[in-house]
Amino acid sequence: IVVPHGIDDSVFKDYTGGEAAGLVVCNLIVSRDVFCGWSICSKIMEQIPVKIVGNNPGMSKSASSIEELVSFYQKCAFFLNTSTLSPVPLSLLEAACVGCPIVTTANQQVPYIFKDGYDAIMSNDVDKLISGSQKLLNDRDYALYLGNNARKTILERFNIQTFIQNWQKTFERILQE
């Protein structure tokens, strides 16, 4: 039994943008480079302003609350996911649910969820991730297009009510066996 993530769209909503930087949400990104893609992220950060949120000693701290985390998703120009081995980063789904445009590597399950140019900028080519990030910083209409489509994708595929129903069915099935 596989129960996909569920994202609460009553909490993760209301993208506004306005901050001229991307956002990365990740803990221990440097020491978990093989999973989180710090080497990719750091190359992008050489050319694009990016804010990091998460437990990263000497670099960043975690959000103090869900409300603060949502406010980061709401305000940043785009969300940057550089993961290489995480099947589906929850932070990526949360950002997309807010309606934040996403720039992401095309690894694991991500290409099965998002479509490059429709609801994400997606590539394993660092130069394309950089040029896509720059486009989102400069083209608000395109950013809103990607973000709105990303939110639609999340509402269709990771609806919180479906998530709850799937868990209820799973527990009922287990109790019957």
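Analyst: Let's start with a term: a contact here means heavy atoms within 4.5 Å. Keep in mind that this is a predicted model.

User: Thanks! With that term in hand, which residues does T104 touch, not counting residues up to four places away in sequence?

Analyst: T104 touches N81, L92, V110, A120, I121, M122, S123 and L129. T104 itself lies in strand β4.

User: Is T104 buried or exposed?

Analyst: The general idea is a cut-off: a residue is buried if its relative accessible area is under 20%. T104 has a relative accessible area of 0%, so T104 is buried.

User: Which residue's side chain has a polar contact with the side chain of T104?

Analyst: That would be N81; a polar contact of 2.7 Å links the two side chains.

User: How should I read the sheet around T104?

Analyst: In general, strands of a sheet pair through backbone hydrogen bonds, and the pairing is either parallel or antiparallel. In this model there is an open sheet of 5 strands, ordered β2-β1-β3-β4-β5, and its pairing is parallel. At the edges sit β2 (50-53) and β5 (121-122), each of which pairs on one side only.

User: Over how many bridges do β3 and β4 pair?

Analyst: Strand β4 (residues 102-104) and β3 pair over 3 bridges, in the parallel sense.

User: Moving on to T105, where does T105 lie?

Analyst: T105 is in the loop between β4 and α5 (110-113). Leaving out residues up to four places away in sequence, T105 touches I40, N81, T82, S83, V110, M122, S123, N124 and L129.

User: How do the lining residues of the largest pocket divide into nonpolar, polar and charged?

Analyst: The lining of the largest pocket has 13 nonpolar residues, 8 polar and 1 charged.

Methods:
Residues numbered from 1 in each chain as written. Predicted model: local features only at pLDDT ≥ 70, side-chain atom pairs only at ≥ 80, totals over all residues. Heavy atoms only, no water. Nonpolar A, V, L, I, M, F, W, Y, C, P; charged D, E, K, R; others polar. Pairing = 2+ DSSP bridges. Helix = DSSP H or I, 4+ residues; strand = E, 2+ residues; numbered from the N terminus. Buried < 20%, exposed > 50% of the residue type's maximum accessible area, 1.4 Å probe, protein only. Polar contact = N/O pair within 3.5 Å; in protein donor to acceptor, adjacent residues only side chain to side chain.
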